[in-house]
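Reader: Please take one part of this model and look at it closely. I would like the local contacts first, then how they sit in the whole chain.

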Amino acid sequence: MEEKNPLTNDQIGEINVLLNELKEEQSNLSEQTQKNFKVIMQKLMKMQEYNEISDMTNQVFEMRLSNIEDFLFRLEGYIRSQK
């Protein structure tokens, strides 16, 4: 059978070579995708950490601002009572 269809055997060999190349490329893409996923997850974790820090900072700022507003309100009441 090999002697009757040498063209077919060559084609099968070429297909096997192409399949092996595709498998290797797919493996490379899979590895690259995993690396990209890992990097993206690390960046997302950093962003989440940044947002948590930002939220804490905003809470402190709002608390201080509220204390200043309370003080000014009391000061205004004191000044009016002195008149």
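**A pair on one helix**

Author: Glu76 and Arg80 are four residues apart in helix H1, so about one helical turn separates them. The model is a predicted one. In it, Glu76 and Arg80 form a salt bridge. Their closest N and O atoms are 3.0 Å apart. That is inside the 4 Å cut-off for a salt bridge. The structure holds one such bridge.

How open are the two partners? Glu76 is partly exposed, at a relative accessible area of 36%. Arg80 is exposed, at 61%.

Ile68, Phe71, Leu72, Leu75, Tyr78 and Ile79 form a nonpolar patch on the surface. Together they have about 590 Å² of accessible area. Phe71 is one of the patch residues. Phe71 sits in helix H1, which runs over residues 6-82. Its relative accessible area is 47%, so Phe71 counts as partly exposed.

Move along the helix to Ser30. Ser30 also lies in helix H1. Its relative accessibility is 36%, so Ser30 is partly exposed. Ser30 and Asn16 are 14 residues apart in sequence. In space, their C-alpha atoms are 21 Å apart.

Step back to the whole chain. The protein chain has one helix and zero strands. Its C-alpha trace spans about 115 × 15 × 10 Å along the principal axes. The radius of gyration is 35 Å. A compact globule of 83 residues would have one near 12 Å.

What share of the residues is buried? Buried residues make up 0% of the 83 in the protein chain. The protein chain exposes about 8400 Å². Carbon and sulfur atoms supply 58% of that area.

Last, the charges. The protein chain has 10 positive and 15 negative charges. The mean positions of the two sets are 15 Å apart.

To return to the part we began with: the bridge joins Glu76 to Arg80. Both residues belong to helix H1. The patch residues include Leu75 and Ile79.

Key
Residues numbered from 1 in each chain as written. Predicted model: local features only at pLDDT ≥ 70, side-chain atom pairs only at ≥ 80, totals over all residues. Heavy atoms only, no water. Helix = DSSP H or I, 4+ residues; strand = E, 2+ residues; numbered from the N terminus. Rg over C-alpha atoms; globule rule 2.2 N^0.38 Å. Buried < 20%, exposed > 50% of the residue type's maximum accessible area, 1.4 Å probe, protein only. Areas by Shrake-Rupley, 256 points an atom, 1.4 Å probe, with all protein chains shown as cover. Lys, Arg positive; Asp, Glu negative; His and termini not counted. Charge placed at Lys NZ, Arg CZ, Asp CG, Glu CD. Patch = residues over 30% accessible without salt bridge, like charges linked within 9 Å, V, L, I, M, F, W, Y side chains within 5 Å. Salt bridge = Lys/Arg side-chain N within 4 Å of Asp/Glu carboxyl O.
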